[in-house]
Protein chains: 2
Amino acid sequence: MTLIGIDVGGTNSRVGVVSSEGRLLARAAAPTDAARGSAATIETWLDLIRRVLDESHANSSDPLAIGIAISGPVDINTGIVTNPYTLGGWPPTDIVSPFRAAFPGAVVIAENDANAAAVGEWRIGTGRGTNRFVLVTLGTGVGVGFVVNGKIQRGRNGDHGEAGHLVLDPSGPPCYCGANGCWEVLASGTALSKHLKNSSDMDSDHHLCAIEQAAHWTGLALVNLCAVFSPDAIAIGGGAGAQFNLMEKKIAEMMQRHRRLVPTDVPVLAAQTGDDAGLIGAALLAQVASIS
Amino acid sequence: MTLIGIDVGGTNSRVGVVSSEGRLLARAAAPTDAARGSAATIETWLDLIRRVLDESHANSSDPLAIGIAISGPVDINTGIVTNPYTLGGWPPTDIVSPFRAAFPGAVVIAENDANAAAVGEWRIGTGRGTNRFVLVTLGTGVGVGFVVNGKIQRGRNGDHGEAGHLVLDPSGPPCYCGANGCWEVLASGTALSKHLKNSSDMDSDHHLCAIEQAAHWTGLALVNLCAVFSPDAIAIGGGAGAQFNLMEKKIAEMMQRHRRLVPTDVPVLAAQTGDDAGLIGAALLAQVASIS
């Protein structure tokens with residue numbers, strides 16, 4: 001069996017061939033450019049798959065398992081993505097069927113990208129050996145995936161809760177999600193760049209101050225995750241998460257402040273899997289789907 | 001086997017004999033009056049047990065299973081309660097051993113009261129048949145229990161997360177938990193009575209306004225629970241929850257407002273089990289402990 005993972009981001013789409021232990025054997029990437037519409041964009045993804053299959057010298061008679069990690073509400077039963085933001089302008093789109101048509105016999109699954117990344121980080125990163133694991137992806141948006149005893153926590157109908165839209169400050173700025181002062185609008189990469197754009201001089205002090213703000217709200221969000229989910233460990237990944245060393249102290253202060261009742265004495269670590277967590281997790285989820 | 005449940009509240013302690021189907025066969029109650037200290041208070045609980053055993057004509061050779069539901073941090077492994085509030089002034093206290101001493105051979109367990117009530121309501125109330133159930137107890141405090149596939153959701157070491165202390169408004173009033181603007185300080189019965197005390201005329205309009213406020217914050221808290229936990233159903237119980245009919249519309253508005261991304265289209269119901277949920281749940285948990 002050849003395992004393929006795809007991670008669709010608002011800016012770039014990444015595809016990889018992944019070993020059954022979660023090692024990346026070959027990879028390729030291209031701009032997502034979703035404004036072209038779904039047909040052209042999906043064709044790009046299919047081309048990327050053909051390219052990594054070539055590069056990895058995969059046996060063409062080997063069955064394929066393809067996992068697609070994508071942001072926004074994904075119906076894991078129908079493969080329909082209803083994405084109000086990252087793939088701006090797309091109507092609800094079945095993203096699974098085109099892959100099944102292009103690769104007959106392949107097992108194809110779609111998964112929320114935060115969930116897929118959490119599975120990747122749980123399998124080969126900081127989550128190894130934990131029973132209740134949270135991965136927070138701080139990027140263009142804020143994604144959160146929960147892994148309980150090795151399985152993605154899902155609502156009824158397989159729902160992903162979108163914990164990146166936890167409301168933290170109801171008098172805060174509005175988000176496209178309909179809330180004011182949710183985690184994403186206060187602490188995502190997008191929030192950081194807005195903050196910097198609004199400051200008249202873009203010196204490094206301003207940059208640090210913006211990161212402090214993001215760390216403050218992320219710390220408060222983690223307190224709320226501890227109150228509701230009680231994790232064993234929390235990892236922070238994604239583009240903005242790469243600045244974790246600048247956020248660590250503020251996050252720890254916030255956790256400490258709320259420790260009297262809420263079990264916030266939980267390790268908070270920088271994710272180890274980096275940008276590949278989503279595609280690795282998606283590939284491993286496709287593997288599970290292919291054998292069950 | 002004779003099943004006994006005890007629910008220790010800040011004001012009253014309730015004890016009941018419970019059938020293996022969760023029916024209440026006999027009950028007794030007395031003021032908790034924790035200021036007397038732990039020895040005298042625990043003696044009251046033991047007397048209540050003796051009384052309900054007499055009243056229910058339980059066979060004295062039948063083995064006992066005793067479940068104690070109690071608020072605040074409870075270590076379910078050691079039976080030690082560290083309660084900063086409801087049993088004000090008690091040092092960390094082993095509440096399980098005195099029961100084992102008084103009733104030799106009895107299986108005795110202690111459980112957070114919100115968890116116990118959630119189990120009770122899941123077994124015989126609105127939670128029947130759900131996979132991911134939440135019971136919110138709006139009383140003197142705000143307690144939240146999560147039941148996943150029939151089991152209490154626990155953190156490592158069996159932690160209860162204390163989701164009643166979710167932070168909803170960081171610029172809100174301070175709570176004894178160390179946070180500002182947590183759910184409990186904004187929407188508990190205590191918050192309601194403070195609100196009423198601060199208003200100069202205590203007419204029914206003021207009462208309604210206070211309940212509207214509690215409903216507003218409870219609605220926002222439920223949105224955050226949906227974002228992190230994705231429940232199948234939510235029930236509201238407890239003393240203030242008895243006014244659910246006055247809160248229902250506001251809560252629904254808040255859930256609706258955040259529906260774009262967060263899966264808030266979840267039934268929110270008045271709890272059916274009433275004040276007995278905690279002791280029934282505790283008794284059923286003791287039953288499970290006695291056979292495992």
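Predicted model: local features only at pLDDT ≥ 70, side-chain atom pairs only at ≥ 80, totals over all residues.
Let me begin with chain A, where the C-alpha centres of domain 1 and domain 2 lie 26 Å apart. The domain assignment of chain A gives domain 1 as 2-116 + 276-290 and domain 2 as 130-271, and such bounds come from an automatic or database domain assignment. Eleven residues of domain 1 of chain A are in contact with twelve residues of domain 2 of chain A, where contact requires that the C-beta atoms of two residues, placed from the backbone, lie within 7 Å. On the side of domain 1 of chain A that touches domain 2 of chain A, the largest share, three residues, comes from helix H3 (residues 113-124) of chain A.

Residues are numbered from 1 along each chain as its sequence is written, and chains are lettered from A and ligands numbered from 1 in the order in which they are written. Helices (H or I, at least four residues) and strands (E, at least two) are DSSP runs, numbered from the N terminus.

Turning to the sheet of chain A, we find five strands in an open arrangement with the order E3-E2-E1-E4-E8 and mixed pairing, two strands being paired if DSSP finds at least two bridges between them. Its edge strands are E3 and strand E8 (107-112) of chain A, each of which pairs on one side only. Strand E4 (residues 64-70) of chain A runs parallel to E8(A), and six bridges join them; in E8(A), A:Asn112 is the bridge partner of A:Ile70.

Which strands of chain A does H1(A) lie across? The answer is E1, E2 and E3 of chain A, with H1(A) running at about 35° to E2(A); here axes are lines fitted to C-alpha atoms, for helices over the stretch in contact, and angles run from 0 to 180 degrees between N-to-C directions. Helix H8 (residues 277-290) of chain A lies across E1, E2, E3, E4 and E8 of chain A, at about 135° to E4(A).

Let me stay with H1(A) for a moment, in which A:Thr41, A:Ile42, A:Trp45, A:Leu48, A:Ile49, A:Val52 and A:Leu53 are buried. These residues cover an arc of only 135° around the axis, which puts them on the same side of H1(A), the arc being that of the directions from the helix axis to the C-beta atoms. A residue counts as buried if 20 or more other C-beta atoms lie within 10 Å of its own, as exposed if 12 or fewer do, and as partly exposed in between, with C-beta atoms placed from the backbone. The face of H1(A) turned away from the buried side carries the exposed residues A:Ala39, A:Ala40 and A:Asp54. Just after H1(A), A:His57 takes a positive phi of about 50°.

Finally, in chain B, five strands form an open sheet in the order E3-E2-E1-E4-E8, again with mixed pairing. Strand E2 (residues 12-18) of chain B runs antiparallel to E3(B), joined to E3(B) by seven bridges, and B:Val15 stands opposite B:Ala28 in E3(B). Helix H1 (residues 38-55) of chain B packs on the sheet and touches strand E1 (2-8), E2 and E3 of chain B, its direction making about 35° with that of E2(B).
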